[in-house]
Amino acid sequence: MQKTVNQKAWFLVLPVFLLVAFSAVIPLMTVVNYSVQDTFGNNQFFWVGLEWFSELLHSERLHAALGRQIVFSSIILAIEVPLGVFIALNMPQKGLWASVCLVLMALPLLIPWNVVGTIWQIFGRVDIGLLGHTLAALGIDYNYTQDPLDAWVTVIVMDVWHWTSLVALLAYAGLQSIPQAYYQAAKIDQASRWSVFWFIELPKMQGVLMIAILIRFMDSFMIYTEPFVVTGGGPGNATTFLSIDLVKMALGQFDLGPAAAFSLMYFLTVMLVSWVFYTVMTNLDKKAGL
Amino acid sequence: MAKITLSKLAHSYGANPQNEADFALKEMDHVWEDRQAYALLGPSGCGKTTLLNIISGLLAPSHGQVLFDDKDVTHAPTTARNIAQVFQFPVVYDTMSVRDNLAFPLRNRGMDAAYIQSRVARIAELIGMEDVLAQKAQGLSADAKQKISLGRGLVREDVNAILFDEPLTVIDPAMKWALRTQLKSLHGEFGHTMIYVTHDQTEALTFADKVVVMLEGRVVQIGTPEALFEAPGHTFVGHFIGSPGMNFLDATIEGQQAIIDGQMIALGAHYGALSGRTQIGIRPEFIRLNKKEGLPAIISRVEDVGRHKIVRAQVFGHAFNCIAPEGMEISADVMYVTFDPARISVFADDWRVEPNVKKAAA
């Protein structure tokens, strides 16, 4: 068959091309451009090559922020995934209460990030906040603005409050798709509750849990708004995660060059980790399928 | 192994059944004898699976009792009943190997390792999966998975009964025959009480000692395959069993004769006065086609199935199937049909009427 050559087809691709260019490619290239230059205001730029990158790679400030970020993501994954699965296992399967539960679970997901931050910022205040004031009344020394541990606990509990629902809803969807025959067969085989979970429910939820972990990892690794509203990265630098540090560098100190280099490395890290994660998980799946 | 008694058993999925139509299973009394192979036959949605799940304890009946031997197990959980059940669609534990799948019911009951090993080897041989024992169950084909399900159903020796819920639906025809034969010989070997649910009459008739035919939540007949063929207890059984099924004609029954549209047909026995809608039923095998006598038939189609010919015809406006020997010449002009009087069954309001023995003898 003869292929029809029609150069006009390019015009059909053009809108998408322009859209992607203006929304992604050009801004990203601007960042790349900044990352290899130094600026002294007045729009004067000097070529510095990869200097910012090598400087940042050895920056203790960045290492500390990265460390905090990894610890934060690990903790919230370790809490939210098991907790979400546990909630999903205990949600009603059908009927009115199933719908009620679904709506209640979805509510935190609908609240804008900065509103969540504000809610917890006020909730935790010792003078007027319900949580902070109650804890103080109980004689517990809690103050997230001064104690690093309290700040961490607050930020983590807030994230768990905000996002466990997502894991729970995904796990619930996974559980709902398991045919009844599996549970019936397990009863016939006299399987324990634990066996049912381990050999039926968990394998059947594997796909959705992988998506849940991936989404929660990416999201938590890039977290900015909520901790920024609650703690502003403090006390000191205790809750300064990568995004908060980046914004401080870019807008606080107006170090455009290092901030641009930081952005690119940040972006590549998230992409790389997600890719490795996805590949490992899908390979596990394939191996099991052999 | 046990005798299973269903006593005044009925089930309704709704909370407050008002009338008969609300019951998925109508009230029944039935005993499944120990060591028998039964087939539970009926169209989709007639309550076969409901009945099976009540026996295995996956479902608690809303009315009546289930007894194993003489022990009431109506509300006992599945695990207390020691029953094996194989489902319509394959259920395997994906992350386990085939070997672990087969061993799972035994391990859960704390059997010792040596016994489990020998038992798994035996079952693997039976279902022809010795060479894939170490593989994960996940990637196997649907029929291989179903064979594992079957194997898990058969692996325990001491079960009270083995229930099969259309287990061969997903298996290809050649394998179906082989597995069914295996099941049958297994039954001969171990003598478990087996109940085999199916909507396929061939499967039911070849597997079972006794066939239980269900329609709309009711057991309409229990009998040997032969009895179902020779003396169907209900027009549905006549129609459902046989290929093609029984032919029915509305008739007035008077003593030893049936009258259809003024035409007399001799019956093999004497019947008393009948009320309701009366019909005679005759199997296609016992109809003779000829050019001279009997009821007029208009032939619409002849299907040659090799061994014999199936003649599709119209008699008094009713579809009528006859079986003609392979060599017979069938011309398209009007022909006549005659029936073998001894093979005619009489039904009143769909239920079989037994002839009046005394008068027939006299």
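The structure is a predicted model, in which local features require pLDDT of at least 70 and side-chain atom pairs count only at pLDDT 80 or more, while totals for chains, interfaces and linings use all residues. Residues are numbered from 1 along each chain as its sequence is written, chains are lettered from A and ligands numbered from 1 in the order in which they are written, and side-chain values use heavy atoms, with hydrogens and water left out.

Helices (H or I, at least four residues) and strands (E, at least two) are DSSP runs numbered from the N terminus. In chain A, the axes of helix H4 (residues 96-110) and helix H7 (residues 148-176) come within 7 Å and cross at roughly 140°. Axes are lines fitted to C-alpha atoms, for helices over the stretch in contact, and angles run from 0 to 180 degrees between N-to-C directions. H4(A) and H7(A) are therefore oblique to each other; angles under 35 degrees count as roughly parallel, over 145 as roughly antiparallel, 65 to 115 as roughly perpendicular and the rest as oblique. The crossing of H4(A) with H7(A) is left-handed, a term for a near helix turned anticlockwise from the far one by less than a right angle, with right-handed used if the turn is clockwise. On the H4(A) side the contact (heavy atoms within 4.5 Å) involves A:Ala98, A:Leu102, A:Met105, A:Ala106, A:Pro108 and A:Leu109. H7(A) contributes residues including A:Trp161, A:Trp163, A:Leu166, A:Leu169 and A:Tyr172. Of the residues in this contact of H4(A) with H7(A), 12 are nonpolar, two are polar and none is charged. In this classification Ala, Val, Leu, Ile, Met, Phe, Trp, Tyr, Cys and Pro count as nonpolar, Asp, Glu, Lys and Arg as charged, and the others, Gly among them, as polar.

A:Leu107 also belongs to helix H4 of chain A. A:Leu107 is partly exposed, at a relative accessible area of 44%; buried means under 20% relative accessible area, exposed over 50%, and partly exposed in between (1.4 Å probe, protein chains only). The C-alpha atoms of A:Leu107 and A:Ser165 lie 8.5 Å apart in space, with a separation of 58 residues in sequence.

H3(A) passes H9(A) in a right-handed crossing. Among the contact residues are A:Leu66, A:Phe72, A:Ile76 and A:Glu80 of H3(A), and A:Arg193, A:Phe197, A:Met205 and A:Phe217 of H9(A). The contact of H3(A) with H9(A) comprises 14 nonpolar, three polar and four charged residues.

Two strands pair if DSSP finds at least two bridges between them. S6 (residues 83-86) runs parallel to S7(B) and is joined to it by four bridges, with B:Ile83 opposite B:Ala161. S7(B) in turn pairs in parallel with S8 (residues 193-198) over five bridges, where B:Ala161 stands opposite B:Thr193. By contrast, S9 (residues 210-215) and S10(B) run antiparallel and are joined by five bridges, B:Leu215 being partnered with B:Arg218.

Five of the five residues of S7 (residues 161-165) of chain B are buried, so this strand is largely enclosed by the rest of the structure. B:Ala161, B:Leu163 and B:Asp165 point one way from S7(B), and B:Ile162 and B:Phe164 point the other way.

S1 (residues 4-11) and S4 (residues 63-68) of chain B pair over five bridges, and B:Ala10 stands opposite B:His63. Eight of the nine residues of H1 (residues 48-56) of chain B are buried, among them B:Leu51, B:Leu52, B:Ile54 and B:Ile55. Just after H1(B), B:Gly57 adopts a positive phi of about 90°.
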